[in-house]
Amino acid sequence: MSQSSSMTAIAIEGGRGPAEALKAVEIPRPVPGPGQILIKVEAAGVNRPDLVQRMGAYPPPPGAPDTLGLEVAGEVIEAAGRWKVGDRVCALLGGGGYAQYAVVDARHALPIPTGLTAVEAAALPETVFTVFANVFEHGSLKAGETLMIHGATSGIGATAIQMAKAAGAKVIGTSRGPAKAAEALKLGCDVSVDVKAQDFAEVAKAEGGVDVILDMVGGDYFAKGLDALKTGGRIVYIAAQGGGEVALPIFRLMQKRAVVTGSTLRPRDADEKARLTAAVEATVWPWIAAGKLKPVIDRTYPLAEAAKAHAALEAGEVVGKVILTL
């Protein structure tokens, strides 16, 4: 293949495996279809779903590349829709971000906000879309309400804290250990709970209860979360790292008039992602412009060191996001 028709990307040796299975390979450069743009990638976000896919448990949706990577930032080199060649964008992908070039539906790209680098912009799409859809749409968080975030120092957590504060909500964050609990306060939590030392339900009730819980833990957090909820509260699931099955005390649910919901982002259809993109641009991009939301980047690695990026995320020492740079 000539240089123009091939590119470097990260593949999973053997199709699935540990972090070390991630290797740089040469593959054909993607060709945009109707309504798609081609982006020369400058930075790509690393997310927990990438880890799950690498282990063989989260296949890409139909039509998406097998290559990992759900968000990128860079320059448009083949235009479509509202975009011109040379525009600087970040985008939500169905896959294919760990590569020199990525194609995406033009409606799923957003302008890189003024003042942000490509590395910062690459940290936005997956987390911002996830928080917006789950906390604000499914969870209906409003100004004056209280949001509890489990895993407050994660990439999702750091984004959710700032977005909730920008919307005028109070935030209680939970994390494991005193160091992370301290970091959660620095990220903007009003109240930070170290779950190794404190019962988050008791802390929440002492604070008057919570209206919305963003839960990526599941397992035994559910019963305590229901206890912490105010009447009419909502629990929104985006993952279940602590266990995917919970007992549902129906009468308690009825007493609280509670809503338990959850969603995934990646399998949504193109039109729904386009709707979400427009909603995010209308609501969240002004928060970025106003300085109310700034991506929290823990560390960056060159694309070829994707294995190190995955190992860092798996080790659980990351506060905010890990980004691959090109």
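1. Basis of the note. The structure is a predicted model, in which local features need pLDDT of at least 70 and side-chain atom pairs count only at pLDDT 80 or more, while totals for chains, interfaces and linings use all residues. Residues are numbered from 1 along each chain as its sequence is written, and side-chain values use heavy atoms, with hydrogens and water left out.

2. Helix α3 against helix α4. The axes of α3 (residues 125-138) and α4 (residues 155-166) come within 9 Å and cross at roughly 60 degrees, where axes are lines fitted to C-alpha atoms, for helices over the stretch in contact, and angles run from 0 to 180 degrees between N-to-C directions. That angle makes α3 oblique to α4; angles under 35 degrees count as roughly parallel, over 145 as roughly antiparallel, 65 to 115 as roughly perpendicular and the rest as oblique. Helices (H or I, at least four residues) and strands (E, at least two) are DSSP runs, numbered from the N terminus.

3. The residues between α3 and α4. On the α3 side T127, V128, T130, V131, F132 and F136 take part, and they meet G155, I156, T159, A160, M163 and A164 of α4, contact meaning heavy atoms within 4.5 Å. By class, this contact of α3 with α4 has eight nonpolar, four polar and no charged residues, with Ala, Val, Leu, Ile, Met, Phe, Trp, Tyr, Cys and Pro counted as nonpolar, Asp, Glu, Lys and Arg as charged, and the others, Gly among them, as polar.

4. Helix α3 against helix α9. Here the axes are 10 Å apart and the packing angle is about 90 degrees, and α3 and α9 are therefore roughly perpendicular to each other. From α3, V128, F129, F132, A133, F136 and E137 meet residues of α9 that include K273, L276, V280, W285 and W287. By class, the contact of α3 with α9 has 11 nonpolar, two polar and three charged residues.

5. A residue of strand β6. V103 is found in β6, and leaving aside its neighbours within four places in sequence, V103 is in contact with P30, V31, P32, Q36, I37, L38 and L93. V103 and G33 are 70 residues apart in sequence, yet their C-alpha atoms are 8.4 Å apart in space.

6. The cavity. The structure holds one cavity of 30 Å³ or more. On a 1 Å grid over the protein atoms alone, a cavity is a set of points where a 1.4 Å probe fits but cannot get out, and a pocket is an open set with protein on both sides within 12 Å along at least five of seven lines; lining residues have an atom within 4 Å of a point. The lining of the largest cavity consists of A123, L124, T127, V128, T159, L293, P295, V296 and K321.

7. The largest pocket has a volume of about 1100 Å³, a volume being the space filled by probe spheres set on the grid points, which are joined across faces, edges and corners. Of the 44 residues that line the largest pocket, R48, S154, M216, A239 and Q241 are the closest to its centre, and the largest share of that lining, six residues, comes from α3. The second largest pocket, of about 380 Å³, is lined by 20 residues, of which Q36, A64, G94, H108 and K273 lie nearest its centre, and β6 gives the largest share of its lining, three residues.
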